[in-house]
Amino acid sequence: MQFYYREGNPVPDIIMRDTKTILLVEDEDLLVILHTDWLERLGFNVIAVSSGERAIEVTQTTCGIDLILMDINLGHGMDGLGAASTILKDHDIPVVFLSSHMGEETMEETEKIAPYGYVVKDGDMTALGDRVKTVMKLHKARRVLKEKEEAP
């Protein structure tokens, strides 16, 4: 597995398709390390960036991102909700939000942007892995259904 981290490091234009790739958008270094290690142990490629702006740039220049794990509060600049909204205008990539706490208002906002929900970032890593796998399967099923509906 390869780990691409922060703004200064390279991100490939095309990612090898034999392994699913996750874009992790998180501004806390320790959580980036923990989540990346866990996801790589589960067999995923991980690209990690620390800002919403960089997440948008990566999705515009990199093919093969299968899922985005998006922190809601990203410190300075664009927050995760804004970044996800921008990305989803042009890309059909499932987004799962990460947050240390979820109030009712934030939950409603995430549901408006992406139907795949959220994961508590300080929670059980097994739950994170299960959520990622489930969302990837659900997204694939949605694509198949959409293709059937659009077929003549």
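This is a predicted model: local features need pLDDT of at least 70, side-chain atom pairs count only at pLDDT 80 or more; totals for chains, interfaces and linings use all residues.
Two packed helices are described by the angle between their axes and the distance between the axes. Helix H2 spans residues 52-61 and helix H3 spans residues 80-90; their axes come within 9 Å and cross at roughly 15°. Because angles under 35 degrees count as roughly parallel, H2 is assigned as roughly parallel to H3. The handedness of the H2 and H3 crossing is right-handed.

The contact is formed by Gly-52, Ala-55, Ile-56 and Thr-59 on the side of H2, which meet Ala-83, Thr-86 and Ile-87 of H3. In terms of residue class, the contact of H2 with H3 comprises 4 nonpolar and 3 polar residues, with no charged residues.

Among the H3 residues that meet H2 is Thr-86. Thr-86 has a relative accessible area of 29% and is therefore classed as partly exposed, the range for this class lying between the limits of under 20% for buried and over 50% for exposed. When neighbours within four places in sequence are left aside, Thr-86 is in contact with Ile-56 and Met-78; of H2, Ile-56 is one of the residues that meet H3. The C-alpha atom of Thr-86 is separated by 9.7 Å from that of Glu-53, a residue 33 positions away along the chain. Within the local sequence, a polar atom of the Thr-86 side chain lies 3.0 Å from the backbone oxygen of Gly-82.

Technical notes: Residues are numbered from 1 along each chain as its sequence is written. Side-chain values use heavy atoms; hydrogens and water are left out. Axes are lines fitted to C-alpha atoms, for helices over the stretch in contact, and angles run from 0 to 180 degrees between N-to-C directions. Helices (H or I, at least four residues) and strands (E, at least two) are DSSP runs, numbered from the N terminus. Angles under 35 degrees count as roughly parallel, over 145 as roughly antiparallel, 65 to 115 as roughly perpendicular and the rest as oblique. A crossing is left-handed if the near helix is turned anticlockwise from the far one by less than a right angle, and right-handed if clockwise. Contact means heavy atoms within 4.5 Å. Ala, Val, Leu, Ile, Met, Phe, Trp, Tyr, Cys and Pro count as nonpolar, Asp, Glu, Lys and Arg as charged, and the others, Gly among them, as polar. Buried means under 20% relative accessible area, exposed over 50%, partly exposed in between (1.4 Å probe, protein chains only). A polar contact is a pair of N or O atoms within 3.5 Å; within protein, one must be able to donate a hydrogen and the other to accept it, and residues adjacent in sequence count only if both atoms are side-chain atoms.
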